[in-house]
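Reader: Hi! Could you walk me through a few spots in this structure?
Author: Happy to, just ask away.

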Amino acid sequence: MRYLAVDDDPSFHFVLTQMMCQLGYQAPVCVTSAREALERLANPNDKFDAILLDIQMPEMDGIEACQHIRAIAHHSSTPIMMVTTMVGRDHVDQAFAVGATDYLTKPINRIELQARLGMLDRLVQEHNLARSLQFAMESMDDVPGMRFAFEDAVALPKNGSLIEYLALENHLLTLSRLKLHTHTAIAFQVVGGANLFRRLTRIEFLDCMADVGAAIAACMKRQSFLLAYAGSGEFVCILNRAQPVDTFEIEHELGAELMVYDAVYESLGLPMLEVRVGATVSSGLFSPSAVKTMLGRARASVRGQSGYQMQFLAG
């Protein structure tokens, strides 16, 4: 694991380096400005597995830098952990909206840093799997030894509109109960997904899920949203409660979006897809485990819906 740490405070670099080395990690490469970081990251031969990015920096802040990093092709999905003071936590939502993966508060402590780095380790492993699967998709071949279960919330290759489910959960966990209550969740399910998983190669299955994810994202573009593949052929979308959605309208828009793939799926002889849209749900102010409860209720809702069928022509 090779980390790039971006912060204008040299003392933070010193503390971070000491802690990471004590935890058994390689010392991070440290730079003091966003522009210097972008110059390093633009070089595809200067490889980094993950980035720690301070939000509040002079000239270019971390949020703008995060946007620029996501525009670099070979870093479009590299895990980015934002670093902020407690005062700067209001900016965390903005950071997630432009592609951040996680966040860490200053002053850092060993236990929290260890937990956050552990999550980044898992994300890097998922991205490595996703890159291998993407290569296999492009070569129209499956990857021997690449295995994942139907229930796994795997990263979908070449889908910039989605974030990892783990990152979605982690973002919601950073919110206070009151702020979490201002969000709603809605789930989407590919009906018969388990059967598709059995019948298709892993590559074909992920390709189907990626198409569905892109179609959902296109339908939600008028909203401020976060979308993740949750495994089991299901997607979860987080929305601002102040922006109500019409699920019936979304269903029809999804049907139109997915029609674009008809010819491709027909030529490949892939089976027909049916997608369900669940009801929007919110968290209770006083419910225990509010995040998992809200996400669980959203997924339970879509499993109980009759839904709207969006069918591809099948050969």
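Reader: Where is E234 found?
Author: E234 is part of strand 8, which covers residues 234-240. Keep in mind that this is a predicted model.

Reader: Is E234 buried or exposed?
Author: Its relative accessible area is 2%, so E234 is buried, given that buried means under 20%.

Reader: OK, and which side chains make a polar contact with the side chain of E234?
Author: One is the side chain of R303, at 2.7 Å. The side chain of Q189 also makes a polar contact with that of E234, at 3.2 Å.

Reader: What else does E234 touch, leaving out residues up to four places away in sequence?
Author: Its contacts include F188, A228, Y229 and R299.

Reader: New topic: where does L168 lie?
Author: L168 sits in helix 6, residues 165-173. Its relative accessibility is 0%, so L168 counts as buried.

Reader: What is L168 in contact with, beyond four places in sequence?
Author: I163, L226, A228, V236 and I238. L226 is 58 residues from L168 along the chain, yet their C-alpha atoms are 7.4 Å apart.

Reader: Last one: how do the axes of helix 2 and helix 3 cross?
Author: They cross at roughly 10° and come within 10 Å. Angles under 35 degrees count as roughly parallel, so helix 2 and helix 3 are roughly parallel to each other.

Reader: Which residues make that contact?
Author: A34, L38 and L41 from helix 2, with A65, H68 and I69 from helix 3. By class, five are nonpolar, one is polar and none are charged.

How values were computed: Residues are numbered from 1 along each chain as its sequence is written. This is a predicted model: local features need pLDDT of at least 70, side-chain atom pairs count only at pLDDT 80 or more; totals for chains, interfaces and linings use all residues. Side-chain values use heavy atoms; hydrogens and water are left out. Helices (H or I, at least four residues) and strands (E, at least two) are DSSP runs, numbered from the N terminus. Buried means under 20% relative accessible area, exposed over 50%, partly exposed in between (1.4 Å probe, protein chains only). Contact means heavy atoms within 4.5 Å. A polar contact is a pair of N or O atoms within 3.5 Å; within protein, one must be able to donate a hydrogen and the other to accept it, and residues adjacent in sequence count only if both atoms are side-chain atoms. Axes are lines fitted to C-alpha atoms, for helices over the stretch in contact, and angles run from 0 to 180 degrees between N-to-C directions. Angles under 35 degrees count as roughly parallel, over 145 as roughly antiparallel, 65 to 115 as roughly perpendicular and the rest as oblique. Ala, Val, Leu, Ile, Met, Phe, Trp, Tyr, Cys and Pro count as nonpolar, Asp, Glu, Lys and Arg as charged, and the others, Gly among them, as polar.
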